[in-house]
Amino acid sequence: MWNIDGLNTYASTTGNWGTAECPLVFDNKVIYSPGGNQTTVVALNKDTGKEIWKSPSINDKRNYTQPALISYKGKKQIVGGSCNYYYGINPETGELEWKFGGWAPANSRFENIAPNGPVYNNGQILFAQGYGINTTTLKLADDLKSVSLAWNNKDLSTHHGGYVLIDGVVYGSNWINNSNGNWVAIDWATGKTLYSDAWSGGKGKGSTVCADGMLYCYDERRGFVGLARPNKEHFDVVSEFRITKGSGPHWAHLVIHNGVLYVRHGEYLAAFKIK
C-alpha cells in the first residue's frame, strides 16, 4: 500500500474546478498530471509509488481529464492536455516531445476549460472542448516529435461527456450554453460537419458511449437515455427511457461493461442488461 500527495509534492496547479483525473496505468507505471511550474506529467511505480520520471513543465495548469497512451509507426507516446496546451510525452523517459497551443479562440469568454480527453486513430489526435472552443485535430509526424494542425471544427464543442469515433465519423454533443446543446456528427478525415441536431422533446446535450455498433446517449437536462444508430445524415434515436430516481444534474458519464449499461444520477445507480 502507498499514497502520494500529488498536489503538494509536485506543486500542482488547477483551474476553478479542481481535479477530475483518472490515473493512466500501463506496464509498471501510474501516470499522473499535476501541471504547474515543476512538471507536467509524472510516472510512479505502480507497486511502490516511487517516482520513475518527471516530465519538464510547460508552465500551465492541469486540465480536467487524463492523458492516453497511443501507438504510431511502432512507437508509443502519452498524449494529453493542460488548460492551454496539448502535448506528447515519451512514456519511457518523460521527455516532452511536442506541445501545441493556440487551439482556443482568442476571444473566448472562458479560460481554456478542457474537460475532454483525446480520441486517437491512425496518426491523428482529436480534442473537443465546450464553451464554443474549437474541436482540434492534430496530425503526428512519423517520428512523433511534432504535430501539425489537420483541421478545426466549431460545431462539435463538447461541454463534457466525451465523443466516440465509429467508421470514420465522430459523434458527440455540443455546447450552446450550459443548459443546451445539439447532437453532432463530423467527418474524421476532413472535419466537415455532417449534422447538428436537437434531441426531440426538450432534451439537451450529454454524454455518449458506444458498443456493438450503436450509440448510447444520456441527456443531462431531463435524464433520458437513448439508443441511437450511427448515421451520417441525422441524429437517429431508436428508443429511449428516462431516469427518474436520484438527484442533481445528470452529469455522470455512461459506462458499459460485459453487456451491462451503468447509469448514475446522484446517489442512484442503475444497471441495465443490453446484450
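**Exercise 1. Find the residue in strand 20 that is the bridge partner of glycine 226, and describe how the two strands are joined.**

Step 1. Look across from glycine 226: its bridge partner in strand 20 is glutamate 240. Strands here are DSSP runs of E with at least two residues, while helices are runs of H or I with at least four residues, and both are numbered from the N terminus.

Step 2. Widen the view to the pair. Strand 19 covers residues 224–229 and strand 20 covers residues 236–242, and they pair in the antiparallel sense over six bridges. Two strands count as paired if DSSP finds at least two bridges between them.

Step 3. Follow the chain from one to the other: a hairpin of six residues joins strand 19 to strand 20.

Before you go on, please keep in mind that this is a predicted model, in which local features need pLDDT of at least 70, side-chain atom pairs count only at pLDDT 80 or more, and totals for chains, interfaces and linings use all residues. Residues are numbered from 1 along each chain as its sequence is written, and side-chain values use heavy atoms, with hydrogens and water left out.

**Exercise 2. Work out the strand order of the four-stranded open sheet, and say why one side of each edge strand lacks a neighbour.**

Step 1. The order is 5-6-7-8, with antiparallel pairing.

Step 2. Strand 5 (68–72) and strand 8 (96–101) are at the edges and have a single partner strand each, so one side of each has no neighbour in the sheet.

Step 3. Zoom in on one pair. Strand 5 and strand 6 (residues 75–81) are antiparallel and share five bridges; here isoleucine 70 stands opposite glutamine 77.

**Exercise 3. Is threonine 39 buried or exposed, and which backbone oxygens does its side chain reach?**

Step 1. Locate threonine 39 in the loop between strand 2 (29–32) and strand 3 (42–45).

Step 2. Threonine 39 counts as buried because its relative accessibility is 0%. The classes are buried under 20% relative accessible area, exposed over 50%, and partly exposed in between, with a 1.4 Å probe and protein chains only.

Step 3. Check the side chain: the backbone oxygen of valine 41 is at 3.1 Å, and that of serine 55 lies 2.7 Å from a polar side-chain atom of threonine 39. A polar contact is a pair of N or O atoms within 3.5 Å; within protein, one must be able to donate a hydrogen and the other to accept it, and residues adjacent in sequence count only if both atoms are side-chain atoms.

Step 4. Beyond neighbours within four places in sequence, the contacts of threonine 39 include Tyr10, Pro34 and Lys54. Contact means heavy atoms within 4.5 Å.

**Exercise 4. Classify threonine 190 and asparagine 182 as buried or exposed.**

Step 1. Threonine 190, in the loop between strand 15 (183–187) and strand 16 (193–197), is exposed at a relative accessible area of 51%.

Step 2. Its side chain has a polar atom 3.2 Å from the backbone nitrogen of lysine 192.

Step 3. Asparagine 182, in the loop between strand 14 (169–173) and strand 15, is buried at 17%.

Step 4. The side chains of asparagine 182 and serine 196 are joined by a polar contact of 3.4 Å.
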